[in-house]
Amino acid sequence: QREGVHTGTGTSTYSGKVNLTTTKSGTTFQLNDSARGGHKTYDLNQGSSGTGTIFTDADDVWGGGRQTAGVDAHYGAATTWDFYKNVLGRSGIKNDGKGAYSRVHYGNGYVNAFWDDECFCMTYGDGENNANPLTALDVAAHEMTHGVTSATANLNYSGESGGLNEATSDIFGTATEFFANNSSDTGDYLIGEEININGDGTPLRYMDKPSKDGASKDYWSSGLGNTDVHYSSGPANHFFYLLAEGSGAKTINGVSYNSPTYNNSKITGIGRDKATKIWYKALTTYFTSTTNYKAARAGTLKATADLYGATSTEYKTVAAAWTAINVK
Ligand code: ASN
Ligand code: ZN
Ligand code: CA
């Protein structure tokens, strides 16, 4: 082990037993990931400002009591870091090798998690009755991706660009979950399936058919930009699902999907890995703060031409997947 970099173990809420990269300070270990830019994890202890206190432990075996949410958050940030580094060649949120920080136990019964550009940090509530912290891996990767979007396309968080901003977080949140290949939280195209946010075990969002949540849109239409960004993300999440996996019925890791198309077209997916690389190249090369759905179609097509050529199957599938959500 490099000096100062230690590998501890943690028992998490949602991801089973995980390795954690920690730092030794004097005689105690801290949740300070010096292998990933010094990303730190703090306990807000039900407060709602500042950083609270960094998690510390005597033997580098983490979990139980207040530590458990910290284990999930620290693991989530590290896994998201590794996804960006290993899959997309990005070193940290700003691609400068620097870590950010996570804060857990925010507020009381707080049912949300969020990224904040001001503190350059992500924050997690403990859920209703402080019973289900919002620290699952797809949520952590969703929030950290808001930082990446801010540092790149900087999609405005309203109107159609806001929906694309939200979709970007769901897309890379999901890609991180598949990348992690964690047996306690296997990859799926559901968002927030681990945190029981609805109280009945259903997820927050569905990428194969977004309208299953009762509010998100499956297809683009002219009023889309007037809906909440967490619902106008639906068509772009649906585009990504169709591009990666194709239309119709499919079961992945034991979860069944059935993805419809606007024009009843049949789409054969190009796979998650290529779809992920196309979205990332578009986000970092062609999308801007005002990119709308029509411009996202154009940007992803350019990105696909760069990566796979303008006469490729990948290019044709990107075009077909946008048409299938009514973006022509
Ligand atoms: N958890 C939410 C999100 O990341 C917080 C928000 O509404 N901004 O989108
Ligand atoms: Zn979000
Ligand atoms: Ca998920």
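Predicted model: local features only at pLDDT ≥ 70, side-chain atom pairs only at ≥ 80, totals over all residues.
1. The shell around ligand 1 divides into 2 nonpolar, 3 polar and 2 charged residues. Its members are N112, A113, F114, H142, E143, H146 and E166. Two elements each give two or more residues to this shell: strand β10 (113–116) and helix α2 (137–151). Of the contributors, α2 gives the most, with 3 residues.

2. The protein averages a pLDDT of 98, and 99% of the residues score at least 70. The model scores are ipTM 0.96 and pTM 0.98.

3. The geometry of α2 can be checked by length. With 15 residues at 1.5 Å a residue, α2 should span 21 Å, and the C-alpha atoms at its ends are 21 Å apart, so expectation and model agree.

4. How many of the 15 residues of α2 are buried? The count is 13, so α2 is largely enclosed by the rest of the structure. The helix that gives the most to the shell around ligand 1 is therefore one largely enclosed by the rest of the structure.

5. A separate point concerns K85, which lies in helix α1 (residues 67–88). K85 has 15 other C-beta atoms within 10 Å; a residue counts as buried at 20 or more and as exposed at 12 or fewer, so K85 is partly exposed. Leaving aside residues up to four places away in sequence, K85 touches R90 and S91. K85 and L307 are 222 residues apart in sequence, and their C-alpha atoms are 18 Å apart in space.

Conventions:
Residues numbered from 1 in each chain as written. Chains lettered and ligands numbered in written order. Near = placed C-beta within 6 Å. Helix = DSSP H or I, 4+ residues; strand = E, 2+ residues; numbered from the N terminus. Nonpolar A, V, L, I, M, F, W, Y, C, P; charged D, E, K, R; others polar. pLDDT = per-residue confidence, 0-100. Expected span 1.5 Å × (residues − 1). Contact = placed C-beta atoms within 7 Å.
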